[in-house]
Amino acid sequence: MEFGQTLNELRVELANCIGADKAEGIPWSWVATTVSRILSDHSSGVARAVVLAELESAWHQYTSSEEQDSAVQRTLGGFFHRGNTAPALTALFELRIVALEQLAHTSIWMWRLSGSDTAPKGMLPPRHSASKQMSAFVHQRFYPMIESAEFEGFFGGRRALYLAGLRGTACEEELKLLPTTSAVFVLQAGRDARLMRDFFGVEVVDNQPVLAKEPAFDAGQVWGVVDIVLQSGEDHATPHCAVVEIAVCPAGGGQPRLVAVEFRGADISLAQAFHRGDCLGLVCAAAENSSTLSYGAQTLAFVLPAAVKVPEATATGVRSPRVWLSQLRPETSGLTLLVRVMAVSANMPADNEPFCRAMRVSDGTAACDATVWGALAQRVAQLRAGQTVLMRKFEAHEEQGGVVLNGGLDIGSAIDNVSAFPAVPHSAALRRLESLDRVRAPASRYVRASVTRVEPLLDEMRDSRDLAAATKLVHALCGRRLVRASSGALECAKCAAPVADTRSVFALAVDLDDGTAVAHARVAAHVAAMMLATTPEHFLKLPSRAAQLAALAKPLGQAFVVCLTAFTIADSSNETLLRIDAACPADDVGILE
């Protein structure tokens, strides 16, 4: 009975807020349902003013009236300096946290917010700011930050942040802001050095952030340098979605991979907080596929502004977003595509070019042929059917009534083998994990299995410090194995010329067991380093053979999700070989449902 009385009171108060003549015009069932949802969203407690403000906002969305929507926006007019124009609900605001306080006898937290200390300058687009101070309810998403030791002191010192989706309570003597999940916290290189090191493995060297180690714990983190920001509807395949593309480098160096971070719905405005050269950090990022993350229901976002602002990326004045094959148009350039390799041709030398190969690629929306020239064609020869690659700065041309892609180093084209990156990301392909007893050549499949044996391949061309025969010497320039010529000198198997610059990589095979079968597979060098959690350089510094054998035993019993490529040797035996092209611990892989 008491709850029913409260609903009736809220119904009357809501009618007064929206200027309705009678409360009977608001369905009682709608009020009851909406209040129940609000209470569920704020399980630790919520103030009556917040419930009423949430009700008002929900009513305006329910009625879809432009006049009523603008009434909610006008509640912020006294706080935001916008002249006679009310701020849009999608506006991004640059603010500072003056104080953090907890309401007496409750578990509800509030921020005291003020405007930014400095107005944006230079090439940055203008961001709104506050003309005076105001209290704001903190959304429960950020409560763990307030209450955990890892973020101790984080909200002091006038912490800067960007907020979107701001709405105010309309029935209070003092205007307050409702909780919003759309937030980006601004980091400072010196002040937040410990947080960046523990959460993202980032060390600040000469005022520059460097990804130097693994984070202290795993919370779905990603850290990268912003390359391109694409606003909603700006040359992107997904409408109502803003995209920030970042370059993510593996700890300790290596080839960076391009990751797209998507902001949807009410969070679209957050993309305006990032600019080229800034560092973006996400905690609990939601994975969409192997190269796309999103600002999800539990995500925390951070930005470390670039010390020197970098001009936004352009190519002849036109941005170069990732596109779908179904969107290709003739005579376009600077294209970025994420595709799966279907086939690679043999070398097809032309009159003026000794190296040329064709690729058949697909991205699920269409299939297309790509012609690759010169040195880039030699790299394409190493690709296998089923592998995923990122193609950058390619051109599209019309040929025989269709559209084909062309690329080469002369126009700045690049191809990154995503399948060879030192991890298997969250991927839609993981919906169908294959069992070992069903892997047939030729194929590229994801398998979850445990390592039961690690076997060195006993390559003769290895460093003298390798007492366990687990590495081999390769040409530092092209990465191919070395052979000893009749003269006794080392030669590259590809270049067929004496070499002086060499490096060591792991040369290992493992036995995998998933309960359906046991399979023997060779392991790509970079994958072996990940499984062993060490580098060849560190491995060769171990003082004894026993220490090296102990390092090789580290993966035993561990479960991994591996990208397993099966292929057949073209000889009389027709033997099927397996190779692990990518892997990561099974606990780190999310299976999308």
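How many aromatic pairs does the count come to by the rule used here? The rule pairs rings of Phe, Tyr and Trp (its six-membered ring) if their centres lie within 6.5 Å; planes under 30 degrees apart count as stacked, over 60 as edge-to-face and the rest as tilted. The count comes to 18 aromatic pairs.

This is a predicted model, in which local features need pLDDT of at least 70 and side-chain atom pairs count only at pLDDT 80 or more, while totals for chains, interfaces and linings use all residues. Residues are numbered from 1 along each chain as its sequence is written, and side-chain values use heavy atoms, with hydrogens and water left out.

Two of the pairs are set out below.

| Pair | Centre to centre | Angle of planes | Class |
|---|---|---|---|
| Phe 151 and Phe 302 | 6.4 Å | 10 degrees | stacked |
| Phe 506 and Phe 539 | 5.5 Å | 75 degrees | edge-to-face |

Phe 151 lies in the loop between α5 (143-147) and β4 (159-164), and Phe 302 in strand β15 (residues 300-304), so their pair ties together parts 151 residues apart in sequence. Helices (H or I, at least four residues) and strands (E, at least two) are DSSP runs, numbered from the N terminus. Phe 151 has 6% relative accessibility and counts as buried; Phe 302, at 1%, is buried too. Buried means under 20% relative accessible area, exposed over 50%, and partly exposed in between (1.4 Å probe, protein chains only).

Phe 506 in strand β26 (residues 502-506) and Phe 539 in helix α9 (residues 536-540) are 33 residues apart. Both Phe 506 and Phe 539 are buried.

Ring pairs also link a cluster that includes Phe 151, Phe 154, Trp 223 and Phe 302. The charged end of Arg 159 sits over the ring of Phe 154, 3.8 Å from its centre; this term requires NZ of Lys or CZ of Arg within 6 Å of the ring centre and within 35 degrees of the ring normal.
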